Amino acid sequence: RLRILLPHPDVPPASPVAVASPRALPARSTSILDGYALTLRPDDTGNPTVRRRLSGTVFAGDGGASGFDPTTEAVYVTTGAVLPEGCEVVAGAEDCVADGDQLTV
């Protein structure tokens, strides 16, 4: 049996309160899904597929990846992982095909 509970008429509704943080949280951009972090190039526009060389994995809790070019390479990132510098998009793992060190989105 379903019961629907409504607020009591004598209790005033909660008022919204603005909350501010003195610093960005999280401090760095993180991935909200498992997938491949990369940057799109101008020549990717309009192409039905994007190809990159795979160059590693970043797990949640790692410091991030460095030493790769996000315009020619991609990095696998797990949910919560810090996005590598220069990466502007994460393609979901289910939308990609990894074959050896090659990725097709």
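1. His 8 sits in the segment before S1; strands here are DSSP runs of E with at least two residues, helices are runs of H or I with at least four, and both are numbered from the N terminus. With a relative accessible area of 48%, His 8 is partly exposed (buried is under 20% relative accessible area, exposed over 50%, partly exposed in between, using a 1.4 Å probe and protein chains only). The C-alpha atoms of His 8 and Val 19 are 27 Å apart, for eleven residues along the chain.

2. A word on what we are looking at. This is a predicted model, where local features need pLDDT of at least 70 and side-chain atom pairs count only at pLDDT 80 or more, while totals for chains, interfaces and linings use all residues. Residues are numbered from 1 along each chain as its sequence is written, and side-chain values use heavy atoms, leaving out hydrogens and water.

3. Now the sheet. Six strands make an open, mixed sheet, in the order S4-S1-S3-S2-S6-S5; two strands count as paired if DSSP finds at least two bridges between them. S4 and S5 (97-99) are the edge strands, each with a single partner, so one side of each has no neighbour in the sheet. From one strand to the next the twist averages 40° (axes are lines fitted to C-alpha atoms, for helices over the stretch in contact, and angles between N-to-C directions run from 0 to 180 degrees).

4. On one side, S1 (residues 35-38) runs antiparallel to S3 (residues 73-77), joined by three bridges, and Tyr 36 stands opposite Tyr 76. With S4 (residues 89-92), S1 pairs in the antiparallel sense over four bridges, and Gly 35 faces Gly 92 there. Elsewhere in the sheet, S2 (residues 51-58) and S6 (residues 102-104) are also antiparallel, with three bridges; Arg 51 has Thr 104 as its bridge partner in S6.

5. How many aromatic pairs are there? The count is one, taking rings of Phe, Tyr and Trp (its six-membered ring) with centres within 6.5 Å, and calling planes under 30 degrees apart stacked, over 60 edge-to-face and the rest tilted. The rings of Tyr 36 and Tyr 76 have centres 5.1 Å apart and planes at 65°, so this pair is edge-to-face. Tyr 36 belongs to S1 and Tyr 76 to S3, so the pair ties together parts 40 residues apart in sequence. Tyr 36 is buried at 11% relative accessibility, whereas Tyr 76 is partly exposed at 22%.

6. On to the packing. The largest nonpolar core has nine residues: Ala 37, Val 58, Phe 68, Val 75, Val 77, Ala 81, Leu 83, Cys 87 and Val 90 (a core being a set of buried Ala, Val, Leu, Ile, Met, Phe, Trp, Tyr and Cys residues joined through side-chain atoms within 4.5 Å). Apart from this core lies another, of eight residues, including Leu 38, Leu 54, Ala 91 and Leu 103. Leaving aside residues up to four places away in sequence, Ala 37 touches several residues, among them Glu 73, Pro 84 and Val 89; contact means heavy atoms within 4.5 Å.

7. Last, the cysteines. The disulfide count is zero, with a disulfide taken as a pair of cysteine sulfur atoms within 2.5 Å. For Cys 87, the nearest cysteine sulfur is that of Cys 96, 13 Å away. Cys 87 is buried, at a relative accessible area of 14%, and Cys 96 is buried at 13%.
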